[in-house]
There are 2 protein chains.
Amino acid sequence: MSKPLILVVNDDGITAPGIKALVESVMPLGEVVVVAPDSPQSGMGHAITINKPLRLNEVHVLEGVRSFACSGTPVDCVKIAVDKVLHRKPDLCVSGINHGSNSSINIIYSGTMSAAVEASLEGIPSVGFSLCDYSHEADFEPSKKYVRYVAEQLLKNGIPKHSLLNVNIPKLSAADMKGLKICRQAHAKWEEEYVERTDPFGRPYYWLTGKFVNYDKGQDTDEWALANGYVSVVPVQHDLTAHHVIPFINENWEV
Amino acid sequence: MSKPLILVVNDDGITAPGIKALVESVMPLGEVVVVAPDSPQSGMGHAITINKPLRLNEVHVLEGVRSFACSGTPVDCVKIAVDKVLHRKPDLCVSGINHGSNSSINIIYSGTMSAAVEASLEGIPSVGFSLCDYSHEADFEPSKKYVRYVAEQLLKNGIPKHSLLNVNIPKLSAADMKGLKICRQAHAKWEEEYVERTDPFGRPYYWLTGKFVNYDKGQDTDEWALANGYVSVVPVQHDLTAHHVIPFINENWEV
């Protein structure tokens, strides 16, 4: 039997420490191939490149791992990996490890998670990993055993069709981490404020700043798990239908 | 009582014919303010601009309508509209009318729909409209009465918290349109192929091409509705939790 084929992607770019930690975590589990953006792509959501062509260049990330830098978005990386780089559909796609949380509503802005969603659309068991530490010097060591465990479970058990995983890891020492917790996405949002500046020519420009606010007091959420020392595991779907709203419309509208 | 405040956004850019048709459709319903990208932003998904500042310039779209062009993504437009342009939270956000379908899985790549999702995150009743005709010369006239009806319903009835609407309009004459149908998102996907070309310097580059494939034979989907002459209305949520997968993980993993 051939070894499992594992596609590694991210959104912080191919030189980010987080992707190296991810490759190291899953290398014992199979044949690893990396296709990642050639520049940081945080906050790119599910963007794809339509109106210009992509570049793809073989690069070195870690000894013995075929690696490619792509000029596109995280979602582009998955698409081009599947069509042009891999000789068969991978058995697993892992994305990350992201520098910073993708819990709760952050998932919707996240290139890391959108890459994992795209792999799931291709029918590939997939998961995005994020460490709740934005620093470039973040310590990814305590994350590795959880990353490997989750990847092993996906290879062993698969995951129901049309779903994938969003895994967030608290910024804690290995000793302080309490294990995994299966959760739902907390209802939270960013309260944003644009800071206005004036350029040397007298014209205004605006910087996005914001504060993350969690309105959800449930103890079954990813935010609760992370605040209480757990690694949060949220199963995610890409069917966005709000089935419970269909009766509301049928009752209130004349259709 | 003051008139309802209606925010209009899109992803094809402020000069696209679709946004003009949308403004014309909703103008009788309230005070309309437009904040739209200064360039086409199709396929941008839920991308936001983090690492550079935004520009915002007042422009003319239609007589009597305050309009602003923003240098960011569709989601940026909603964020900056709420924080910097509008004096209060709008009563409705309408996005589009997109040139081309955003039915089924297209929603996930769509800047039009991501702008509507962002408004919904802000607690604003919101809807994205798309006409299944990619042409710049598309005829938006038959769409207008449906756009106005849906906007009226949202102003009158609101929509349950954490949800919004994805409305797609078939490319048909007014006489051939059969009315609205409330649906779920069809399970479909793009089968992609990158076309490889060689630049004048001998290096390869890749263009994304693809074919939309609907695997879902249900007669309650948006694809079915559109293929049968209906305007599809899919209620959409931004909680991505796959609740049905939580028991699967708890049964199969040791957590």
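## Chatting through a predicted two-chain model

Analyst: Helix H1 (residues 17-26) of chain A is largely enclosed by the rest of the structure, because seven of its ten residues are buried. Buried means 20 or more other C-beta atoms, placed from the backbone, within 10 Å of the residue's own; 12 or fewer is exposed, and in between is partly exposed. Helices (H or I, at least four residues) and strands (E, at least two) are DSSP runs, numbered from the N terminus.

User: Where do these coordinates come from, and how is the numbering done?

Analyst: This is a predicted model, where local features need pLDDT of at least 70, side-chain atom pairs count only at pLDDT 80 or more, and totals for chains, interfaces and linings use all residues. Residues are numbered from 1 along each chain as its sequence is written, while chains are lettered from A and ligands numbered from 1 in the order in which they are written.

User: New topic: what order do the strands of the chain A sheet come in?

Analyst: The open sheet has nine strands, ordered S3-S4-S2-S1-S5-S6-S7-S11-S8, with mixed pairing. Two strands pair if DSSP finds at least two bridges between them.

User: Which strands stand at the edges?

Analyst: S3 (56-59) and S8 (180-182) of chain A; each has a single partner strand, so one side of each has no neighbour in the sheet.

User: How does S8(A) pair with S11(A), parallel or antiparallel?

Analyst: In the parallel sense, over three bridges, with S11 covering residues 231-237 of chain A. A:Lys181 sits opposite A:Ser232 in S11(A).

User: What about A:Ser104, what is its phi near?

Analyst: Near 50°, which is a positive value in a residue other than glycine. Most residues other than glycine have a negative phi, and most peptide bonds are trans.

User: Is A:Ser104 buried or exposed?

Analyst: A:Ser104 is buried, because 28 other C-beta atoms lie within 10 Å. A:Ser104 is found in the loop between S5 and H3 of chain A.
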